[in-house]
Amino acid sequence: MQTLSISDLKRATADARLQASVHVQVDSLTRRDARNGKPFWEMVGADAEARMTLRAWSDEPSYSVCEGLTSGMFVEVSGDFSQSANFGLEAKNWTCRPLSTEERDVLLAGSSELRARQAADFAFLEEQVAGIADPRLHAVSALFFAEHGERLRRTAAARQNHHARRGGLVEHMAQMTRAASALSAVYGTLNRDLLIAGVVFHDAGKLWENAMPADGFSMPFDERGELLGHITIGIELVNSLWRKASAAAAPNTWACLRPASEDVRLHLLHLLAAHHGELQFGSPVVPKTPEAWALHYIDNLDAKLEMVKLAYDGKSLGPRIFEKRWPLPGNTVASLERFHAPE
C-alpha cells in the first residue's frame, strides 16, 4: 500500500478508487449528528501542503478509531479512498496508527520539493530586498527579515483560500515580487523600490494572524490578529521598524535624502492600507497611487491563480472541467495547452 501526501491522494482519486495511506496531523476532531440523527465523527487532517476531511459513521469501524484520537496527534490513515459528489475525499474501512518520531519529523519537514521551493523563494526575497536602492526602504525591509524571518518561514498567506500552508506567505511574496519586477519594467513610471517594499510588508501582519507553530500544522487563532487584523498590525509593524532603522542610521543621514523620508513612509503605509482594493474587502482606504493599484492587482492575481491551481486538484465534472472552488465565481476549466509546431 503506497503512502501519499494529501495533495497526491486527492489527485489520484479524482477518477478512481485507491487503497493507500496518508500521514497527517489531526487538526480537529468533532462529533456531529446527521439530519437523520445518525452520529458521526468529522476528522480534519493536515500535512505541510494541504488538508483533508474524513467522516466516520457510527456503523463503521473507523467510528471507534476516532474515539481514540485527539487533536494534535500525528497518525497514518490507511483505507480505501475515493471522492464523492457530496463530501469530496472519502475513505472506507479506514484505520489509524500513531506515527513514529522519525515519521513525524519527516512529515513536519514537508516534501523535499516543497522545502527546496520555499528555500529558493526565501533566498530570492532576500536578494530582492538587498537590491532596493532607496536606503530607507532597504533598511526597514532588511530589518524585517532579520527580526522576523524565521516566523515568516512558517506563516501561511491565508487560512483557506490560497497558499494556506506553512511557508505559503513566502511563496506568495516571491511570486508577487517577480510580477512587480516585470511590471516595473513595463510601466517605467512605477517606483520599483516602493513597490517591492510594498510586497514585503503588505501581508506582514499575517505573521500574527496566520503563523503556524514549529511543531505542527494547526494554525492557532491569535488575539492580536482577531482584534486588529493584518492590515492594522502591518502598519504598526512598519512604523516600529521605521523608527528602529532611522535611529540606527548615521545622524541626519535620512534628513537630506529625496524624496523626503516622511513622504516615503506615508506612501509605504498607503500600500498596506489600500492593498485589498475596496473598502468592503477590509481596506481602510482605496488605492490612490500607481504603486497602490499595481500592488492590489498583483496580490489579487497571484491569489486567484493559486485558487485555480487548487481547483484542478478537485473534483472533475467532465473533460477539462473542474468543480467550483470558493470564492471563485464559477467552475474552472483547464487552460488551453501551448502550441506545438508540427514536426
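# Exercises on a predicted model

Pro327 sits in the loop between β8 (321–322) and β9 (332–333). Keep in mind that the model is predicted. Let's work through it together.

**Exercise 1. Find the peptide bond from Trp326 to Pro327 and say whether it is cis or trans.**

Solution. Start with the angle: omega is near 10 degrees for this bond. Pro259 belongs to the loop between α9 and α10 (261–274).

**Exercise 2. Where is Asn93 found, and what is its phi?**

Solution. First locate the residue: Asn93 is part of strand β6 (residues 88–98). Then read its backbone angle. Phi of Asn93 is positive, about 55 degrees, although this residue is not a glycine.

**Exercise 3. Describe how helix α4 (residues 112–130) packs against α6.**

Solution. Step one is the geometry: the two helices pack at an angle of about 50 degrees, and their axes are 9 Å apart. Step two is to name the arrangement. Because of that angle, α4 is oblique to α6. Step three is the handedness: the crossing of α4 past α6 is left-handed.

Step four is to list the partners. On the α4 side, the residues include Leu114, Arg117, Phe122 and Leu125. On the α6 side, Val170, Met173, Ala174 and Arg178 are among them. Sorted by class, this contact has seven nonpolar, five polar and four charged residues.

**Exercise 4. At what angle do helix α5 (residues 135–153) and helix α6 (residues 168–186) pack, and which residues make the contact?**

Solution. Begin with the axes, which are 8 Å apart, at an angle of about 115 degrees. Now turn to the side of α5, which brings Phe145, Leu152 and Arg153. From α6 come Leu169, Val170 and Met173. Finally, sort the residues of this contact: five are nonpolar, none is polar and one is charged.

**Exercise 5. How many residues line the second largest pocket, and which lie nearest its centre?**

Solution. Start with the volume of this pocket, about 790 Å³. Its lining counts 28 residues, and Asn161, His162, His276, Phe281 and Met307 lie nearest the centre.

Next, ask which helices take part. At least two lining residues come from each of α8 (206–209), α9 (223–248) and α11 (290–311). With eight residues, α11 gives the most to the lining. To finish, sort the lining by class: nine residues are nonpolar, 11 are polar and eight are charged.

Definitions and conventions:
Residues numbered from 1 in each chain as written. Predicted model: local features only at pLDDT ≥ 70, side-chain atom pairs only at ≥ 80, totals over all residues. Heavy atoms only, no water. Axes fitted to C-alpha atoms, helices over the stretch in contact; angles between N-to-C directions. Helix = DSSP H or I, 4+ residues; strand = E, 2+ residues; numbered from the N terminus. Contact = heavy atoms within 4.5 Å. Nonpolar A, V, L, I, M, F, W, Y, C, P; charged D, E, K, R; others polar. 1 Å grid on protein atoms, 1.4 Å probe; cavity = no way out; pocket = protein on both sides within 12 Å on 5 of 7 lines; lining within 4 Å. Points joined across faces, edges and corners; volume = space filled by probe spheres on them. Parallel < 35°, antiparallel > 145°, perpendicular 65-115°, else oblique. Left-handed = near helix turned anticlockwise from the far one by under 90°.
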